[in-house]
Amino acid sequence: MFLCCVPSAPEVPFIHQAYSKHSDSITVEFGVVSGATSYIIRAENEDGYFSESLVDTSPGTVVGLLPYTQYTLSVMSVNTGGRSQPSLTVNARTVLVAPDLFSSSPSSDIIVIEWNPVDHAVLYSLVLTMEGSDMRVRLNTSETNLTFTGLQPGTTYSIKGNAWDPDGNQGDDITVSQITRPPVPGDVQVQLTLGRSIDLAVYWQVVRGADVYTAVSSTGQNCSATIGTYCIISPLSCSQNHTISVTAQNEAGPSEPSSPQDLLTFPCPPELVWIEEPTTGNCSVTWSKVQWVDYYIAFVKRDDGLEEQCNTTGTTCYFQCICGYTYLSTVFAYNLAGTSPPGQIVNYTTIPCCPDDLSVSLISTETLEISWTSVRGAELYETIAADGSEWIHCNDTAPVCALSDLTCDSLYSVVVRPCSETQGCNNTCSAHTRRTAPCAPVILNVTQVNSSTVEVFWMATNTEANYTVIAMGPSNLLTCSSSSTSCYISVSCGSTYDVSAYATTTAGQSLPSYSIPLETGPCCPETLSVEQVTQSMTNITWSGATGAGSYVTTLTSPRGHARCHTMDTHCLLGCITCGTSYNVSLEAFSITGHKSECSYHGFSASACCPSSVRLYRMDNNTLRVYWRSSPGLYNYTADLHGTRSNYTCSATNGAHGCDISEILCGEVYTVVVAPLTQEGSKVTYCPRRLYSVSCSGNTVGMVIYRGRRSVD
């Protein structure tokens, strides 16, 4: 099989020139090759960039390149037979990128253009053209900003710019538009508009290039308009001095403000108004100062209809005011623009009048009743009683007050102060004095002076008071009086009383003191007797005593004492010393412990029984009785008792024995030796001894001691 008519690759094209019009592309002009259907432009650089772009014919453009970069270019022709060999290469550099322009208009005749530096640029060209005009301005600079002056306000300008490289090649261009700021609005006028509210209208003339107009007041208020020749500032306030200026504004910014225009509004009413009463009966109405005011008029009206007014350029007016009335006041301010709106209405209530018929009476020991007639303007009455150390208050709406729990025997100064809610209390009212009843005395002690008298002591805190003491018994009432702090009352022994006291002064009588129970000591027994029962024991008996529940009897001597405690009316006392004189006393005690001391006549114990009693045989049938006696000149008697006969002998002045003759022998005798009392009686409690007396023929023989025997 044979192949025929196979097309061959086209010839190699020839590049005429390569150039760059844009920073991202290069255009290649080359000769067209017969038989070629398209062409491939190859671009390379030293950084390894490589690209092939298919074009239909010459010239062809390679895009997507880097600004101000050297490229090596070649062209290949293409048909169905393939592509030709690359052409001879040429070198070309892309141009500089266009500067990024930023435009502004700081004033109505200036435009400022700024940009960032472009790499490799040595010069910049700017062309300014006014919109709708043939006016054109071209400027070159090596800086990065440029200012156009002497321009028309409110006019739009077109600015074209590009950069130049060191080889004198012009880079990409860029075009921006900028409008200058508008001119200052002219013929500005301001005036108040009257209607449901008072507003401020601002008028002006339209200027070229303005999008919006703004009127600004020195008060900080403003209004704006996009069409028309006026705007409204609302709402207005009183006492404002407006300075108005208007600016025109477009996208470049605002114009310079217009010449200021002034407008004064009507005055405000005083912000603060108050009424004072510097001195009683003289009042003043005072208010805060208001700006832009020529004068004020103050109106004062009393609650009974009486009215007065005051015209002044100051801030105070004076008027007469009477206690117990309410005064209403309002103040208006005036200037050339008119009068102020109605201001606040203040009221002032003068202090209530003092009552002039005050009555103070003592209705109990520590309570004062105060009454008076109601007075004008009083909503409450404050009653104060003071004695120098305390204050007692009573608040009531009624014209009467009772002050209780006052200090007794104190001189109180009583003042009634009428009060109102707004004004407080009247502190100028006169005081009245009244003394309370005396204080109740406090009984400190009740001392029993003797069996029939007690002394009552009390604590007295009153001035110039008399005191009365009352002792209330079951069947009688006892009293005593004194201006001092004690008095004496005669009482009965063995009785109980309730003792209280009260004080009396010119102001009245105090409450009675608390009662003190008084129990007098029991009565002393009327009779008491002492009987010696044994040598060391006595029996004491006494009569019953009123009020006595128990008794203590005591025998006292320098050699010792004896005591017994009993509820009976007799008592045995032991351990007494024979031959000793004793003082006899008795203490009577009530069941509550009250004691009465009773003294009686002395008691002398009898002489001691002799000791060592012996019986001795003597001549002629005589027996001698011998003993040892206590010191002292006592008299003794010796008794011998036998079954057939009894014998007695005596010894005086402290002798120690006596003789008994003609004794019968053959007997057992009971021998008792006893001292005699002062009255001469024989003591019966001395011990008995037994002696056996035998016979020796017809005479006394042996005497033998047989021992003791008890007393019958």
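In S47, Leu518 is the bridge partner of Tyr497. This pair belongs to the antiparallel pairing of S45 with strand S47 (residues 516-519), which counts four bridges. Strands here are DSSP runs of type E with at least two residues, numbered from the N terminus. Two strands pair if DSSP finds at least two bridges between them. The structure is a predicted model, in which local features need pLDDT of at least 70, side-chain atom pairs count only at pLDDT 80 or more, and totals for chains, interfaces and linings use all residues. Residues are numbered from 1 along each chain as its sequence is written, and side-chain values use heavy atoms, with hydrogens and water left out.

Strand S42 (residues 466-472) runs antiparallel to S45, and seven bridges join the two. Ile470 stands opposite Ser500 in this pairing. Strand S46 (residues 508-509) also pairs with S45 in the antiparallel sense, over two bridges. There, Thr504 has Gln509 as its bridge partner in S46.

Ser500 itself is placed in strand S45 (residues 496-505). Its relative accessibility is 13%, so Ser500 counts as buried. Buried means under 20% relative accessible area, exposed means over 50%, and partly exposed lies in between (1.4 Å probe, protein chains only). Leaving aside residues up to four places away in sequence, Ser500 touches Ile443, Thr468, Val469, Ile470, Ser513 and Ser515. Contact means heavy atoms within 4.5 Å.

Another sheet involves S1. It is an open sheet of three strands in the order S1-S2-S5, and the pairing is antiparallel. Strand S1 (15-22) and strand S5 (60-63) form the edges, each pairing on one side only. On average, neighbouring strands of this sheet are turned by 25° against each other, direction ignored. Axes for such angles are lines fitted to C-alpha atoms, and angles run from 0 to 180 degrees between N-to-C directions. S1 pairs with strand S2 (residues 25-30) over five antiparallel bridges. Val28 in S2 is the bridge partner of Ala18.

The segment before S1 contains Pro7. Pro7 is partly exposed, at 48% relative accessibility. Pro7 touches Thr80 and Gly81, not counting residues up to four places away in sequence. Pro7 and Gly35 are 28 residues apart in sequence, and their C-alpha atoms are 9.6 Å apart in space.

Charged pairs were searched next. Side chains of opposite charge can pair when their charged atoms come close. The search of the whole structure finds eleven salt bridges. A salt bridge is a side-chain nitrogen of Lys or Arg within 4 Å of a carboxyl oxygen of Asp or Glu. Asp173 and Lys160 form one, with the closest N and O atoms 3.5 Å apart. Asp173 lies in strand S15 (residues 170-179) and Lys160 in strand S14 (residues 156-164), so the pair ties together parts that are 13 residues apart in sequence. Asp173 is partly exposed, at 42% relative accessibility. Lys160 is partly exposed too, with a relative accessible area of 36%.

Arg624 forms a salt bridge with Asp659, and their closest N and O atoms are 2.7 Å apart. Arg624 is in strand S57 (residues 622-628) and Asp659 in strand S60 (residues 657-660), so this pair ties together parts that are 35 residues apart in sequence. Arg624 counts as partly exposed at 36% relative accessibility. For Asp659, also partly exposed, the relative accessible area is 39%.

Glu587 forms a salt bridge with Lys595, with 3.8 Å between the closest N and O atoms. Lys595 is partly exposed at 41% relative accessibility. Arg42, Glu52 and Arg83 are linked in a network of salt bridges.

The surface also carries a nonpolar patch of about 280 Å², made by Leu192, Leu194 and Ile198. Patches are made of residues with over 30% relative accessible area and no salt bridge, where like charges are joined within 9 Å and nonpolar side chains (Val, Leu, Ile, Met, Phe, Trp, Tyr) within 5 Å. Accessible areas come from the Shrake-Rupley method with a 1.4 Å probe, and for residues only the protein chains shown count as cover. Leu192 is found in strand S16 (residues 189-193). Leu192 is partly exposed, with a relative accessible area of 31%.
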